[in-house]
Amino acid sequence: MASTFYTEDHEWVRVDGNEAVVGITNHAQEQLGDLVFVELPEAGRKVARGEAMIVVESVKAASDVYAPVDGEILAVNDALEGSPGLVNEAAEGDGWLVRMKLDDATQLETLLDEAAYAALVG
Amino acid sequence: MAKQLPLNAMHVAAGARFGAFAGYDMPITYPLGVMKEHLHTRAEAGLFDISHMSHIEITGPESPDLVSRACPYHAVQQQQGTGRYTYMLNQQGGMIDDLIVSRLGPERFLVVANGACADKDLAHLVALAGDFNARVQHIPRVFLALQGPKSAMVLARLIPASGGLTFMQVMELDDGTFLSRSGYTGEDGFEIGLSPEIAEDFAKALLQDPHVEWIGLGARDSLRIEAGLPLYGQDMDEKTDPVLAGLLWAIPKELRGGGDYIGASALAEIATRGVSHKPVGLKPDGKAPVRGGALLFAGEAPDSPQIGIVTSGGFGPSCGHPVAMGRVIQSATLAGNQIYADVRGRRLACTIHKLPFVPRNYYRGD
């Protein structure tokens, strides 16, 4: 049974067992505007919570996306190379960014649930 | 605390997303989004609120002399009803600001200045006015730009006389509205200075036309980069002289070797000596945008020499690829030449590209 968490940096984390799919929230893509490029990490890279692991570039600016928890990148969404706009169209679906293995599932307890995130972005 | 534009409520109602620029809360994008806003402007007519820009009027018998002192051109000979791209220099030849100066009458000029420079420009001109029989005054206005191929048709319905203007011609209407056929997108279009009392109704009337959409500062930036137009504060500043900025064309030839304007002797010296770098267009070969501040290198290897810097860059929606402008050493400026930009520690290949990236569609008459 998958469950979804959120960060204050506007990432979503959909957890299934000890793996998670990570993306930016719909609110975040609205704020960024049309994306034109997504710089994804290499599979196999170890990331620490809070580390900048992805860069999303809109027409106007580049923004970092941070690792929500410690772990290892298992796969990236290759479709974004040709279609970065997928993030705008479906930020919390087909516009996912990376799949990662969790080092420590207890870190998830410090993330926000859907209601808390909704309250954050008002 | 950022100031609000006089038409702020209209932008809020239109669903704008705001950001701080030049001391104002400026609409950056509208619900259409920067990509569609950009493309709409190239295809139809985009309406921009650029009221952060400052209008300064210079009047009096010696107003032409004051302008000729502040700006390196013959304002005395400037034809009434024309606007001119120029700038103000400091004593070192650095650019205080770039401007459009329009001649409204024998003893009347209008300076349109960048918003971020408004206060220093006004202070500079007011100080100069002490030496001349002339008066310098800030004019509070709402300043709108209507840009794109449908602009002339749209504006003719509201201001029939607007069709008589060609690129860089200006006029005043009976109600004091200032109208100029000019802009910052590379497209045909107009810039319209309105008294705040009538501006809202005027903007609403424009927006009733189905060809017209509000366009934010985000698209204004991508449009001007594609058109190869420099932005003060980004592509040049007080430490940049017009030779280095590639803007010497705006000075009449006979004034490049000296004159009575401020900065003349410094500029003459710079022009004689020459400059090491030259502005160029840059087309990143990949999909990653290369933005202002990125350093440029001759090669991909970490030890290859630095040969320049990116001054502006982003994505060009009409081009369908990233676009940038920068300055590189003279020997590397040939179109087609490949150089490398450092982006987050990686060397990204870029090709020197002639400017503009898209054709400029100014209306110069039938």
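How many salt bridges does the rule find across the interface of domain 1 of chain B and domain 3 of chain B? In this predicted model, the count across that interface is zero.

The domain assignment divides chain B into domain 1, comprising residues 3-51 and 141-226, domain 2, comprising residues 53-138 and 241-271, and domain 3, comprising residues 276-353. Taken over C-alpha atoms, the centres of domain 1 and domain 3 of chain B lie 31 Å apart. Eight residues from domain 1 of chain B and ten residues from domain 3 of chain B take part in the contact between these two domains.

About 720 Å² is buried between domain 1 and domain 3 of chain B, with 67% of this area on carbon and sulfur atoms. On the side of domain 1 of chain B that touches domain 3 of chain B, the elements that give two or more residues are helix H2 (34-43) and helix H7 (217-226) of chain B. By class, that side of domain 1 has three nonpolar, two polar and three charged residues.

The contact between the chains takes 16 residues from chain B and 16 residues from chain A. Chain B and chain A bury about 1400 Å² between them, and 51% of that area is on carbon and sulfur atoms. Of the area that chain B buries against chain A, 40% is supplied by B:Arg17, B:Arg291 and B:Arg344, more than by any other three residues.

Five salt bridges are found by the rule across the interface of chain B and chain A. B:Arg344, one of the three arginines that supply 40% of the area buried by chain B, forms a salt bridge with A:Glu39, in which the closest N and O atoms are 2.9 Å apart. Between chain B and chain A, ten residue pairs are in polar contact, with both residues at pLDDT 80 or more. The elements that give two or more residues to the side of chain B that touches chain A are H2, H7 and strand E17 (306-316) of chain B. This side of chain B has, by class, five nonpolar, four polar and seven charged residues.

Conventions
Residues are numbered from 1 along each chain as its sequence is written. Chains are lettered from A and ligands numbered from 1 in the order in which they are written. This is a predicted model: local features need pLDDT of at least 70, side-chain atom pairs count only at pLDDT 80 or more; totals for chains, interfaces and linings use all residues. Side-chain values use heavy atoms; hydrogens and water are left out. Domain bounds come from an automatic or database domain assignment. Contact means heavy atoms within 4.5 Å. Buried area is the accessible area (1.4 Å probe) that two parts lose on being put together, summed over both. A salt bridge is a side-chain nitrogen of Lys or Arg within 4 Å of a carboxyl oxygen of Asp or Glu. Helices (H or I, at least four residues) and strands (E, at least two) are DSSP runs, numbered from the N terminus. Ala, Val, Leu, Ile, Met, Phe, Trp, Tyr, Cys and Pro count as nonpolar, Asp, Glu, Lys and Arg as charged, and the others, Gly among them, as polar. A polar contact is a pair of N or O atoms within 3.5 Å; within protein, one must be able to donate a hydrogen and the other to accept it, and residues adjacent in sequence count only if both atoms are side-chain atoms.
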